[in-house]
Amino acid sequence: MADLPTVYVLDPYHPDAIALLTSTPTIRHVLPDDPAKASWHQHATALMVRSETKIRAEDFQRAEKLKIIVKQGVGVDNIDLDAAKRHQVIVCNTPALNSEAVAELTISLALAVSRRVCELDRLIRQGQKVVRSQVLGRSLFRKTEGIVGMGNIGRVVARKWIGAMEGSIIAYDPFVSEDAWGDIPHERVKDLADLLRRADVVTLHVPLTEQTRSLIGREQFALMKKDAILINCSRGGIVDEAALLEALQKNTIFGAALDAMDVEPPTVEAYGDGLLSCPNLIMTPHVGASTVENQSRSGVAVVETLLAVLEGKEVPNRIV
């Protein structure tokens, strides 16, 4: 028993994932509600984390027994991967599993912005008279979506857009192969500016890297159509929030929705006098993957990945 690996679950996980973990006799486990969680640096062999927990270089220096980190979801920008490499810690994620859920939210937010759903709801709740002729929405039927990032999520969004809107797709991604999306009708452009000039709705599906930080700023908003909609369900930092605020206040674009932002979770203190004061903005607290079905599936995948690595098996979703 003394040699059993100890798995610390640092963030909340779906009960199905916890059930699988706790039923495994070959490990010890420390769950999120256990006060012993605070001592993970001294005892953890493996960590199960989500976006809420940040694992920095100093954490790796302190965690001498740490061998594995598995992150639920695709993005691993909350983990210092260079430090993980230096300390020979394996890092894995759960790619592709979030795609359907995030794509659903992306389309939902585009429709909510275009039909001014949240704006109208707020007006009614405030007891204000709504004159329908003065709050016209915009139809997305047969409109053009510009998809930035041609990975798994972008692919599902494209299919849903074509199916639901009978719309067309312009795609931009300088990092995927030329034959990507061969089964999806689309036009691929080599210049982001070309996409921004032509798209009615722009959706972002890229990781946060040095290349994508502030990818959408004042210059990019100036290129977009006056009635365009921007949706970010990827990562905070990709959209320059000061530039977005300016575009919304000046009605340079029709509206926007953010499920990822610089300050997470978003607060009134951070955004109340800025983005949250804009009626043509919707903000959600990074819930793209937050469906009951997806949390169960992704959480179980984290445990299965963790157990496989502990058994010395190779896994396809290893990052480091």
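Is Glu100 buried, partly exposed or exposed? In this predicted model, Glu100 is partly exposed, because its relative accessible area is 41%, and a residue counts as exposed only over 50%.

**Salt bridges**

Side chains of opposite charge can pair when their charged atoms come close. The structure holds 14 salt bridges. Glu100 takes part in one of them: its side chain meets that of Lys160, with N and O 2.9 Å apart. This pair links distant parts of the chain, since Glu100 sits in helix H5 and Lys160 in helix H7 (residues 152-165), 60 residues apart. Lys160 is partly exposed, with a relative accessible area of 26%.

Another salt bridge joins the side chains of Arg235 and Asp77, at 2.7 Å from N to O. Arg235 belongs to the loop between strand S10 (229-232) and helix H10 (241-249), while Asp77 belongs to the loop between strand S4 (68-71) and helix H4 (81-86), so the pair ties together parts that are 158 residues apart in sequence. Arg235 is buried, as its relative accessible area is 13% and buried means under 20%.

| Residue | Relative accessible area | Class |
|---|---|---|
| Arg235 | 13% | buried |
| Lys160 | 26% | partly exposed |
| Glu100 | 41% | partly exposed |
| Glu246 | 29% | partly exposed |
| Arg218 | 45% | partly exposed |

Salt bridges can also involve three residues: Arg155, Arg159 and Asp183 are linked in a network of them.

**The second largest pocket**

Rolling a probe the size of a water molecule over the atoms shows where empty space is left. The second largest pocket has a volume of about 250 Å³. Its lining is made up of 19 residues, and those nearest its centre are Val113, Arg116, Glu119, Phe254 and Asn280.

Which elements each supply at least two residues of this lining? They are helix H5 (99-114), helix H6 (117-125) and strand S12 (281-283). The largest share, four residues, comes from H6. Sorted by class, the lining of the second largest pocket has 10 nonpolar, three polar and six charged residues.

Note on methods: Residues are numbered from 1 along each chain as its sequence is written. This is a predicted model: local features need pLDDT of at least 70, side-chain atom pairs count only at pLDDT 80 or more; totals for chains, interfaces and linings use all residues. Side-chain values use heavy atoms; hydrogens and water are left out. On a 1 Å grid over the protein atoms alone, a cavity is a set of points where a 1.4 Å probe fits but cannot get out, and a pocket is an open set with protein on both sides within 12 Å along at least five of seven lines; lining residues have an atom within 4 Å of a point. Grid points are joined across faces, edges and corners, and a volume is the space filled by probe spheres set on the points. Ala, Val, Leu, Ile, Met, Phe, Trp, Tyr, Cys and Pro count as nonpolar, Asp, Glu, Lys and Arg as charged, and the others, Gly among them, as polar. A salt bridge is a side-chain nitrogen of Lys or Arg within 4 Å of a carboxyl oxygen of Asp or Glu. Buried means under 20% relative accessible area, exposed over 50%, partly exposed in between (1.4 Å probe, protein chains only).
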